[in-house]
Amino acid sequence: HGCAHFGLRQGRTHLNYMCFCRKPQLNCLIVCGIAPLNPKIVGGGDAAPGSWPWQVELLKFGSFYCGGSLISREWVLTAAHCVSGTNIFMWQVFLGRQYLKGNNPNEESRGVSKIISHPKYNSNTYDNDMALLRLSAPVKFTHYIRPVCLAASDSEFNNGTESWVTGWGTVGEGEFLPSPETLQEVKVPVVGNRQCDCLYGDTVITDNMICAGLLSGGKDSCQGDSGGPMMSKQGSVWVQSGIVSFGRGCARPSLPGVYTRVSRYQPWISSKIRSDKPGFPLKDLFVVNVVILLSLGCFCHLKIFFHIF
């Protein structure tokens, strides 16, 4: 029996591995960024069940408030502006949820045992708009509940990089998501920071931010999507590049959405999560999982390709 084949491309380097294990159960080893029910695609609109198994709903006092992403069995990543000034008793976390209203047969819920907002979060500029939530109990991974990979410090998301944003927020300025309020997905390209800074004028786009959206308008994250993930597919895994942070209106021409740049925070996240750490490809995904599989008696075949162009 063989493990699923995994691959990642970063710059000019492309890595692949295939592992073969004597024990069939080891072939189901969970790896971040794998969405078995997401063949993706084109579009925008309703997401199919299981397409984004790391998507999290955050309820404040029992009402939908923000999004987030599952990054390990015990930790959720979200925006600091969602949770700043709150305490753990205000929050409930739903995972594996497809609809805000109606039946969600694959969902799990947890409380929050710890909130860690970035110490340099600035509520005026939205710089360092990041927070970690520790769940009240670990979750069991399924096809509908799985962790996303996080962009490592050396990650690059150049102008035009295809990205996806998900959430249950409004579908336009003042236009609420119709019942049953299905999880939405939208594809947007990255907009370079220099151009984004020029477009925003007196609002400073710092190196801790990343922008994405169509300059013609029409596709964007919006109110209620805050804290949710922006992702790009690298090889066979999904990597979270951004956290929905702020914008000027929604989907307006020449005003892309602004996201917290996840790759700037690998040291901070790693310092706060001492066990059950999230995956940061390229640095972690291949090395850590291959080492684990080898230690469990598996044989792994690793290939590294260098693209010259």
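Reader: Which residue does a disulfide join to Cys196?

Author: A disulfide is a pair of cysteine sulfur atoms within 2.5 Å. In this predicted model, Cys196 is joined in this way to Cys211, with an S to S distance of 2.1 Å. The link of Cys196 and Cys211 is left-handed, with -80 degrees about the S-S bond.

Reader: What should be kept in mind about the numbering and the values?

Author: Residues are numbered from 1 along each chain as its sequence is written, and side-chain values use heavy atoms, with hydrogens and water left out. As this is a predicted model, local features need pLDDT of at least 70 and side-chain atom pairs count only at pLDDT 80 or more, while totals for chains, interfaces and linings use all residues.

Reader: Are Cys196 and Cys211 buried or exposed?

Author: Buried means under 20% relative accessible area, exposed over 50%, and partly exposed in between (1.4 Å probe, protein chains only). Cys196 and Cys211 are both buried. Cys198 is in no disulfide, and the nearest cysteine sulfur, that of Cys196, is 9.4 Å away. Cys198 has a relative accessible area of 62% and is exposed.

Reader: How many disulfides does the structure hold?

Author: There are 3 disulfides in the structure. One of them is formed by Cys32 and Cys149, whose sulfur atoms are 2.0 Å apart. This link of Cys32 and Cys149 is right-handed, with 95 degrees about the S-S bond. Because Cys32 lies in the loop between strand E2 (13-21) and strand E3 (44-46) while Cys149 lies in strand E11 (residues 149-150), the pair ties together parts that are 117 residues apart in sequence. Cys32 and Cys149 are both buried.

Reader: Where do Cys66 and Cys82 lie, and how far apart are they in sequence?

Author: The sulfur atoms of Cys66 and Cys82 are 2.1 Å apart and form a disulfide. With -85 degrees about the S-S bond, the link of Cys66 and Cys82 is left-handed. Cys66 is in strand E5 (residues 63-70) and Cys82 in helix H1 (residues 80-83), so this pair ties together parts that are 16 residues apart in sequence. Cys66 is buried at a relative accessible area of 3%, and Cys82 is buried at 2%.

Reader: Which residues touch the most other members of the largest nonpolar core?

Author: In soluble globular proteins, nonpolar side chains tend to be buried together. A nonpolar core is a set of buried Ala, Val, Leu, Ile, Met, Phe, Trp, Tyr and Cys residues joined through side-chain atoms within 4.5 Å. The largest core here has 48 residues, and Leu70, Leu77 and Ile269 touch the most other members. Strand E10 (residues 131-135) gives the most to this core, with 4 residues. A contact means heavy atoms within 4.5 Å. Leaving aside neighbours within four places in sequence, Ile269 is in contact with Leu77, Met130, Leu132, Leu150, Pro278 and Phe280. A second, separate core of 17 residues includes Val165, Val188, Val190 and Met230.

Reader: How many salt bridges are there?

Author: A salt bridge is a side-chain nitrogen of Lys or Arg within 4 Å of a carboxyl oxygen of Asp or Glu. By this rule the count is 7. One of these joins Arg97 to Glu57, with the closest N and O atoms 2.7 Å apart. Arg97 is in the loop between strand E7 (91-95) and strand E8 (108-110), and Glu57 is in strand E4 (residues 55-60), 40 residues apart. Arg97 is buried, with a relative accessible area of 14%, and Glu57 is buried at 2%.

Reader: Which strands hold Lys187 and Glu162?

Author: Lys187 forms a salt bridge with Glu162, the closest N and O atoms being 3.6 Å apart. Lys187 lies in strand E13 (residues 184-191) and Glu162 in strand E12 (residues 162-167), so the pair ties together parts that are 25 residues apart in sequence. Lys187 is partly exposed at 23% relative accessibility, and Glu162 is partly exposed at 46%.

Terms used: Helices (H or I, at least four residues) and strands (E, at least two) are DSSP runs, numbered from the N terminus.
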